[in-house]
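I opened my notebook to go through one protein model and write down what I looked up. My notes are in the order I took them.

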Amino acid sequence: MFLETLVDFITVHREDLQDWLFVLLTQLLKKMGADLLGSVQAKVQKALDITRESFPFDQQFNILMRFIVDQTQTPNLKVKVAILKYIESLARQMDPTDFVNSSETRLAVSRIITWTTEPKSSDVRKTLHNWVSEELAGKSSPAASLSAEGNQEERCKQAAQVVLISMFELNTPEFTMLLGALPKTFQDGATKLLHNHLKNSSNTSSGVVSPHEYRNHHLSLPFMVSHAWIMCHGGWCHDRRWH
């Protein structure tokens, strides 16, 4: 009942809830990390969808960047996936100018990059530790639980990769500048992913530019320079001016 009421409340009073948006959005995303019945999860997702449609996209994006870099937050894998999927959906609706290369965004992007490559998370390590302990104690192993955690880990990595690509496609010049300001370790992780994405896109489209890409970039010089930067840092350029 509360979630249905919340959806109606947001719809009616959204103009008065700007200052409450951080709490609303982050609490709903945290809720997605809990073990919920399918019916309850669907209601939480509906509340998230209404929230995304009801508030300025740039404000939501900035809140999510702040949430990701907040050192007091320790989201589990399910919450990370929920955050990433929300950002992906948001990026599809944002205008290129909504993406701002701020210090907070750079920190958040660097963290998302680590989510694409990081070793087993604390959730998985904890499950492994418990499994080893129970094995030594002669108890049955929680193989199903371990498998579920592994699946969540893979989902998180894939969702993080999709978000990086979505940001790149949203505003390629600005995102490329952002990557250039990151330490080389983060640059390498992101450029390898984006290089593969560009290569695969080129192979599948045979050089045809998508309407979304054309709308954002119009094959402008910044877009071509950004494309070249990714290709060069991906190991396809031998011109020293790019290194």
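Below are my entries, starting with the whole protein and then going down to single residues.

**Entry 1: the whole thing**

I noted first that this is a predicted model. I counted 12 helices and zero strands. The protein has 243 residues, and 38% of them are buried. I then looked up contacts between residues at least 6 apart in sequence, and found that 78% of these join residues at least 24 apart.

**Entry 2: the core**

Which residues touch the most other members of the largest nonpolar core? I got Leu64, Ile87, Ile112, Met167 and Phe175, out of 56 residues in that core. Where does this core lie? It lies between domain 1 (1-55) and domain 2 (57-120 + 151-201), because both of them give residues to it. I remembered a general point here: in soluble globular proteins, nonpolar side chains tend to be buried together.

Leaving out residues up to four places away in sequence, I listed its contacts as Leu25, Leu29, Ile83, Tyr86, Ile87 and Leu90. Ile87 had already come up in my list of core residues that touch the most other members.

**Entry 3: salt bridges**

How many salt bridges does the structure hold? I found three, and I took them one by one.

- Asp49 and Arg52 meet through their side chains at 2.9 Å, N to O. Both sit in helix 3 (residues 38-54), and being three residues apart there puts about one helical turn between them. Asp49 is partly exposed at 25% relative accessible area, while Arg52 counts as buried at 10%.
- Glu88 and Arg92 form another salt bridge, at 2.6 Å, N to O. They are four residues apart in helix 5 (residues 77-93), again about one turn of the helix. Glu88 counts as buried, with 17% relative accessibility, but Arg92 counts as exposed, with 56%.
- Asp188 and Lys184 pair up at 2.8 Å, N to O. These two are four residues apart in helix 10 (residues 184-205), about one helical turn. I wrote down 35% relative accessibility for Asp188, which counts as partly exposed, and 58% for Lys184, which is exposed.

An α-helix has 3.6 residues a turn, so residues three or four places apart point the same way.

**Entry 4: helix 9**

Which residues of helix 9 (residues 172-180) are buried? I listed Thr172, Phe175, Thr176, Leu178 and Leu179. Looking down the axis of helix 9, I found these buried residues within an arc of 155 degrees, so they line one face of the helix. Phe175 is also on my list from the core entry.

I checked the start of helix 9 too. There, a side-chain oxygen of Asn171 comes to within 3.1 Å of the backbone nitrogen of Glu174.

Is Gln152 buried or exposed? It counts as buried, at 14% relative accessibility. I placed Gln152 in helix 8 (residues 143-170). Its contacts, leaving out residues up to four places away in sequence, are Leu77, Lys78 and Val81.

Next I went to helix 5 again, for Lys85. Lys85 counts as partly exposed, at 41% relative accessibility. I also looked up how far Lys85 is from Cys156: the two are 71 residues apart in sequence, and their C-alpha atoms are 9.4 Å apart in space.

**Entry 5: His197**

My last stop was His197, in helix 10. His197 is buried, with 18% relative accessible area; the cut-off for buried is under 20%. What does His197 touch? Not counting residues up to four places away in sequence, it touches Ile165 and Glu169. With Glu169 there is also a polar contact of 2.9 Å between the side chains.

Key
Residues are numbered from 1 along each chain as its sequence is written. This is a predicted model: local features need pLDDT of at least 70, side-chain atom pairs count only at pLDDT 80 or more; totals for chains, interfaces and linings use all residues. Side-chain values use heavy atoms; hydrogens and water are left out. A nonpolar core is a set of buried Ala, Val, Leu, Ile, Met, Phe, Trp, Tyr and Cys residues joined through side-chain atoms within 4.5 Å. Buried means under 20% relative accessible area, exposed over 50%, partly exposed in between (1.4 Å probe, protein chains only). Domain bounds come from an automatic or database domain assignment. Contact means heavy atoms within 4.5 Å. A salt bridge is a side-chain nitrogen of Lys or Arg within 4 Å of a carboxyl oxygen of Asp or Glu. The arc is that of the directions from the helix axis to the C-beta atoms. A polar contact is a pair of N or O atoms within 3.5 Å; within protein, one must be able to donate a hydrogen and the other to accept it, and residues adjacent in sequence count only if both atoms are side-chain atoms.
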